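Hi everyone, thanks for coming. Let me put the structure up, and then we can walk through its pockets, its cores and a metal site together.

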Amino acid sequence: MRRLLAMIFLFAANASAEISLEIKDYVALPITGLVDGKTNYDALLARVSGLREEPGGANRLFVPDLNGPLYIVDKDTRKLTVYLDFNGREGKSGIFHKLFMEAGYGSGLNTLYFDPDYRRNGKFYTVHIEDPALPGSNIPDNTNFPGLKIAGYSTTPAITTPGPVLYEGVLIEWTDTNTSNATFEGTARELLRVQYNTRIHQLGDLIFNPAAKPGDPEWRVLYISSGDGGAGEANTSIRSNPQRLDNLSGKILRIIPDLNEHTATSTLSENGRYRIPNDNPFVSKPGARKEIWAYGLRNPHRLSWAVDPTNPANNRLIANSVGLHTWETVNIIHKGANYGYSLREGNEMLQVDNKTAKLPAIDKIPVQVSDITDETVVPTYPVIEYGHGPGGGDAIGAGFLYNGKAIPALRGKYIFNDISTGRIWYADYKEMLAADDGKPNTLAQTHELKILWNGQVYDTMFPIAEIAYHSRGGKDPDLPGRATVSGSGRADARLAMDAAGELYVYTKTDGMIRAITGAIGE
Ligand SMILES: [Ca+2]
Ligand SMILES: [Ca+2]
């Protein structure tokens with residue numbers, strides 16, 4: 001009943017929507033999928049997985065497609081160039097023979113992030129997923145990317161995860177010695193390799209604190225989201241992996257990629273490829289992984305850094321985490337905090353039957369390393385949640401605190417979306433900070449945004465992607481894939497932000513990136 005009331009409250013809030021985001025087609029990604037509409041993954045026209053603006057004012061966006069290509073898009077001409085291609089599977093011309101991208105939504109070339117000192121050092125970081133069972137070497141193949149020097153390249157031992165292991169998430173540091181062209185020339189260095197139990201919820205997003213300056217302890221310190229590998233919903237012993245501090249599943253990690261950075265306040269990692277800050281919360285806990293910054297998350301696949309231009313004390317790391325059957329959540333990430341999964345989902349208890357129930361009277365959960373210890377911890381709860389129901393969605397996408405120029409009415413608001421339905425909402429950032437109070441039932445209110453495209457207002461990205469999908473040759477009657485709330489077809493939408501703080505919405509189904517250029521009804 002309490003949950004029902006909470007959901008009615010959320011939907012009532014949604015009904016008061018007044019603002020329509022104006023979006024315009026920005027760039028059509030080359031079709032890397034199949035137009036037949038028969039599968040969940042191959043049938044997405046292009047699995048665009050993000051957008052990062054190159055630092056330094058070059059006016060270029062770097063855009064990864066999970067299927068392998070990493071494009072550079074010139075912001076002036078909208079011209080697209082293949083910079084690298086991660087798909088070196090048999091019969092393909094890219095770099096990694098073991099790239100896994102067939103299934104699991106976030107598999108393939110997942111993300112990239114630029115080093116804060118990129119202008120001087122040309123470094124950036126990527127995450128991709130590998131299937132160790134595939135044929136071929138896991139050393140990069142530079143046949144078609146001769147600028148990549150692979151002499152001396154070596155892989156790292158995978159960091160182990162309890163239970164059966166199928167896939168590995170790989171973090172690589174790239175150094176381009178000439179950032180003024182659209183080709184790669186330089187070196188690559190594998191930093192980290194992590195085992196995952198299943199094809200879902202793998203090594204996810206990367207982010208540096210954008211407010212950190214040279215000399216700050218946070219300068220060039222990398223935060224990494226790591227999904228639970230599907231472990232938390234299993235009915236076997238791996239169910240506790242996101243709670244166990246002896247592995248990297250279901251965690252936010254914090255490392256220093258550069259071995260020469262912060263040497264006095266950090267230690268060398270086990271594999272010798274990165275450093276671990278001494279102020280990470282579990283560096284002194286026997287048996288715990290020192291890389292862990294926060295834990296107990298199902299699939300925190302998108303990270304953002306909320307920067308409040310009026311007050312740096314309000315800056316926060318935010319993780320959007322996909323829920324199981326009930327709640328989608330936005331979480332403010334704190335050092336050492338336990339976000340409860342798979343003992344909690346949203347602001348409720350998660351039972352072993354994977355249904356939610358009201359929280360216990362004494363809201364504490366045991367601290368686990370490999371086994372349960374004598375300690376307990378009070379879980380940390382989301383600041384925004386929405387349900388799997390009409391007006392809600394199936395899986396939270398990306399979100400950003402907006403401080404751009406195009407939509408004055410949304411400054412100071414956190415804008416976020418649902419992947420499958422393509423619904424977009426905002427919440428007031430001050431309400432989110434207020435809801436970060438240790439109380440499970442205080443949450444920021446959500447407000448739905450409509451979408452204006454080609455002269456018509458839509459409730460969600462779904463029908464927009466549907467029109468473009470069909471016009472680009474897609475054969476599925478609506479959209480490929482399916483989900484509980486979105487039904488037959490998924491919009492497969494997410495948000496992105498450029499260096500000016502302006503927003504984009506991209507959809508895998510039609511392989512389109514659209515710019516959010518303004519709003520009406522402000
Ligand atoms: Ca280059
Ligand atoms: Ca709260």
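Let's begin with the lining of the largest pocket: its residues divide into 25 nonpolar, seven polar and seven charged. In that count, Ala, Val, Leu, Ile, Met, Phe, Trp, Tyr, Cys and Pro are nonpolar, Asp, Glu, Lys and Arg are charged, and the others, Gly among them, are polar. Please keep in mind that this is a predicted model, where local features need pLDDT of at least 70, side-chain atom pairs count only at pLDDT 80 or more, and totals for chains, interfaces and linings use all residues. Residues are numbered from 1 along each chain as its sequence is written, chains are lettered from A and ligands numbered from 1 in the order in which they are written, and side-chain values use heavy atoms, with hydrogens and water left out.

The space in this largest pocket comes to about 950 Å³. Of its 39 lining residues, Tyr 113, Phe 208, Pro 210, Asp 498 and Ala 499 are the closest to the centre. On a 1 Å grid over the protein atoms alone, a pocket is an open set of points with protein on both sides within 12 Å along at least five of seven lines, a cavity is a set where a 1.4 Å probe fits but cannot get out, and lining residues have an atom within 4 Å of a point. Points are joined across faces, edges and corners, and a volume is the space filled by probe spheres set on them.

Which strand gives the largest share of that lining? Strand 17 does, with five residues. Strands here are DSSP runs of E, at least two residues, numbered from the N terminus.

The second largest pocket holds about 650 Å³ of space. Its lining has 31 residues, and nearest the centre lie Tyr 105, His 201, Val 322, Ala 395 and Arg 490. By class, that lining has nine nonpolar, 14 polar and eight charged residues.

Now look at His 301, in the loop between strand 16 and strand 17. Is His 301 buried or exposed? His 301 is buried, at 9% relative accessible area; buried means under 20%, exposed over 50%, and partly exposed in between, with a 1.4 Å probe and protein chains only. Leaving aside neighbours within four places in sequence, the contacts of His 301 (heavy atoms within 4.5 Å) include Asp 205, Ser 225, Asn 320 and Arg 494.

On to the cores. A nonpolar core is a set of buried Ala, Val, Leu, Ile, Met, Phe, Trp, Tyr and Cys residues joined through side-chain atoms within 4.5 Å. The largest has 40 residues, and Leu 171, Leu 192, Ile 224, Ile 252 and Ile 333 have the most contacts inside it. A second, separate core has 30 residues, among them Phe 400 and Leu 449.

Last stop, the calcium ion, ligand 2. Its protein donors are Ala 435 (O), Asp 437 (OD), Lys 439 (O), and both O and OG1 of Thr 442, at 2.2 to 2.6 Å. Donors are N, O and S atoms within 2.8 Å of the metal, or 3.2 Å for Na, K and Ca; water is not among the atoms, so sites may look incomplete. In sequence, the donor residues are spaced A-x1-D-x1-K-x2-T. Asp 437 counts as partly exposed because its relative accessibility is 31%, and Thr 442 is partly exposed too, at 28%.

Methods. Helices (H or I, at least four residues) and strands (E, at least two) are DSSP runs, numbered from the N terminus.
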